[in-house]
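Subject: Structure for your review

Dear colleague,

Please find the sequence and the structure below. A description of what was found follows directly after them.

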Amino acid sequence: MNKLLRDLMSRKTFIFSVVVIGFFAVLAVAAPFLTPYNNPYRVGQQFVAAPYAVPAWATVFPQYKNLPPDVRITLTPSLAYESSGEVSQLNSSTLKVTVPPGDTVNVTFPLRWNWSSPYDVRLSFTLVTPNTQYFQVNLFVRDFYLMSLSPLPIPPEVTVVPGKPNPVIFSTELVNPGNSPYVASLPVQDQSLASLELPKMLLPKPGTYNVTLSFVNTGKTTEMFLVTLPGYSSLGYAYGRLGTDDNGASVFSEFVYGARFDLYLSLVASAIIIGIGLIIGLLAGYVGGFTDLTLNAFTDFFLLIPGLPLLIVLISIFDITGTIVNVNKAVLILLIISLLSWPGTAKIIRGQTLTLRNRTFVEAARALGESRMRILFKHIVPNLMGILFAQLAYDVPGVILAESGLDFLGLGITEFPTWGNMLGYATNNVSFVNGFAWWWVLPPGLGIVFISVAFYYFGTAMLDVLSPYKLRGE
Amino acid sequence: MGLIRYLMRRIVERLALLFAILVFNFFIFQVLPTIYGINPAQLYVPLTYKGLPRSELVQALDRQFGLNLPLDERFFIYIKSLLTLHLGISMSYEQPVITLIAQRLPVTALLVIPSLILSSILAIVFGLYSISRQGKIGDSVISFTAIMTYFIPAFWLGEIVLYFFGFYLRIFPTNLGEAITTYNGHLLTGFAYWANLMKFLTLPILFITIISYGVRNILFRNNGIELMGSNFVNYLRARGISERKILYKHVTRNAVIPVVTRVGIDLAFLFAGVVFIEDIFNIPGLGRLLVRGAENLDVPLLGGDFYVISLFAVIILLALDLIYPLIDPRVKYE
């Protein structure tokens, strides 16, 4: 065993393969701890940042330098109000604003912005209004008259209930001429674009911008408003380890869960392939005669029928008919890929069994009167172990490539991330207009290449080390 | 005598394979739906089809293709229609399947045959370099690259290559329709047509070449290296023949045999292998037809396309068997 290990460790390619496989295995196992989003294709887990956000670390490159991250802060009023009698701090998160009759009090919250404009701008606060009909609260960012709150339902004013706490949310994504005086003041053809243009106008470049709440009392008595400190939040263009896709979902989560699924599927499929290949190969090689002839013809048939078209045809046909029996797509793909990929493995095992069967030690065992079963399981199968391990590793890349190909074509899994459908969606969105989302296109492809090469080298090392008869021809 | 026996055996084997493919087609497209209790005629009309009333179409198809007959009678009808290439009508294209396939076969051939030739040359040239520098850094780099290219997903790298050379650097046209028509939409003629078509096809052809040479390269290299240590090469060395001459004349002649076999197999599966490339580069070939058929759940198209692809594979494999004795005379004596 020790010699085996030493032999393995002396191979650079083996160390490379163990490192790569280990890395992806850790990613796959630790997926739930690495990311909070277990299925980023679900609508609820999208828009964690702006669509096509670059990875956070990419902001070291000059072309991404000023891109904003996701921002979520609570704004505080400028200190000047502390002394005035009209605005006072009720507690740490609430302001009390007293407005004399016929007067207006402005409370300004400075917002320090260090980046280029964000994807959207959201402001939220709770407003407790006086119990009268004669007031209005206006929201400004810089000079843009974004929102007007009043007890009377006259668009573009937004209705609030007098004398009660009202949660107020302003979002640039939701603005329309009916809820924003600024948008209503625009020419008609610009109104529908306002939600896209507003973030660029409100926060055009790094600087300090004022968010102003203006309290207007049109009544005849002094009124009191309570307002919580406004929370500011916006989705940014720099997010996480690997940015976001076209739906603003985390690419890192997709990558990690894709690795999890791909590894799981390919290992299970390889095990099934080995199982089928071992049974057919052993039967054909050891029993021989008519069994061999039939099984060999059967194997040749599956070997010579074009694989990918057959895969496409079978998936489609099962899809049409399977809607009735309601089969899980992932299981279906797993089964079909395994049932189509065993011939190569079976042929190799058959060939090896044939040569083993004619070796002297097997003949000796036969001469000693050992039963066929005993010879098979005591002498032949143990000597096949090297090949079995190697085939297990060799089959993994094939399965990953086949499954990814199906997903890429949109014929496979679409409900949750796999490397294949990540590539499919990513490359469908590669265009001259939105540029090349490298943080989205590259990881799954590189993942497939690296894990395939790693498993290939792993298999080669296993074959070299475990095969007792030195199949490598030394 | 040995030659005739070899040829007879091969021909019988390939005919048996063809029959097996026919039966397999029948099983997938006729028996499977029947097991699930679906009238195959229902499958012949895609769900998205909007045209004639569905039930009338289904009845007409039933009558035309005998789909309401018992399975055993249907078997002979189906086999006969496949053998005579009566593959039915594609409802999503509203054309006979055989017409669609006949249109697309040359396109795929134009794509694959040049790349097959190029990649074989590439594999042999790199292989010769590897053999002559066995174990040195150049050999390792070439072998690693060959293995790497084998595992690169075609659909991934293809899209990246298309983006950079087509859209970003604008070296190659990216749209077949734009490439072969004039600005006002008329089809180009004569030399300009072919020149522009080949300009469009250059990128996919080069791409297929690069991702497919790996297997043949490794095959050629391993064979060559094994031969370089064999007895007959030692004998040639002892006779004082130069290493160059041994490599280029004797070893290459022998090492190229498995490469030729492999080229034959690749040729047989050529229509199967370029599904992704046709999908990415938007080339209307057989592979793309298959994907469209699958997307539209167009069963006659799927069945016909799959059958033609398998049929082509069988024919090429048979042709390979027939010319194999010329390449490797040793098979006569086996």
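The buried residues of α6(B) are covered by, among others, α12 (372–408) and α14 (438–466) of chain A and α5 (97–132) and α9 (190–228) of chain B. Contact here means heavy atoms within 4.5 Å. Helices (H or I, at least four residues) and strands (E, at least two) are DSSP runs, numbered from the N terminus.

Please note that this is a predicted model, in which local features need pLDDT of at least 70 and side-chain atom pairs count only at pLDDT 80 or more, while totals for chains, interfaces and linings use all residues. Residues are numbered from 1 along each chain as its sequence is written, chains are lettered from A and ligands numbered from 1 in the order in which they are written, and side-chain values use heavy atoms, with hydrogens and water left out.

Helix α6 of chain B comprises residues 137–151, 15 residues in total, and its first and last C-alpha atoms are 21 Å apart, close to the 21 Å expected at 1.5 Å a residue. The expected span is 1.5 Å times one less than the number of residues. Its buried residues are G138(B), D139(B), I142(B), S143(B), A146(B), I147(B), T149(B) and F151(B). Buried means under 20% relative accessible area, exposed over 50%, and partly exposed in between (1.4 Å probe, protein chains only). An α-helix has 3.6 residues a turn, so residues three or four places apart point the same way.

**Aromatic rings**

F151(B) also belongs to one aromatic cluster together with F16(A), Y394(A), F450(A), Y456(A), Y457(A), F144(B) and Y150(B). Rings of Phe, Tyr and Trp (its six-membered ring) pair if their centres lie within 6.5 Å; planes under 30 degrees apart count as stacked, over 60 as edge-to-face and the rest as tilted. By this rule there are 44 aromatic pairs over all chains. In one of them, the ring centres of F301(A) and F24(B) are 5.4 Å apart and the planes stand at 75°, so the pair is edge-to-face. This pair crosses between chains, from helix α8 (residues 289–304) of chain A, which holds F301(A), to helix α1 (residues 2–35) of chain B, which holds F24(B). Both F301(A) and F24(B) are buried. W438(A) and W439(A) also form an edge-to-face pair, at 5.3 Å centre to centre and 85° between the planes. W439(A) is buried, with a relative accessible area of 6%.

A charge sits over a ring if NZ of Lys or CZ of Arg is within 6 Å of the ring centre and within 35 degrees of the ring normal. The charged end of R241(A) is placed in this way over the ring of F252(A), 4.6 Å from its centre.

**Individual residues**

F281(B), in helix α13 (residues 275–281) of chain B, is buried at 3% relative accessible area. Beyond its neighbours within four places in sequence, F281(B) contacts G158(B), L162(B), T174(B), F200(B), L203(B), P204(B) and F207(B). The C-alpha atoms of F281(B) and P204(B) are separated by 7.0 Å, although the two lie 77 residues apart along the chain.

Two residues other than glycine have a positive phi: Y52(A), near 60°, and L85(B), about 60°. Y52(A) lies in the loop between α3 (31–34) and β1 (71–74) of chain A and is partly exposed, at 23%.

Yours sincerely
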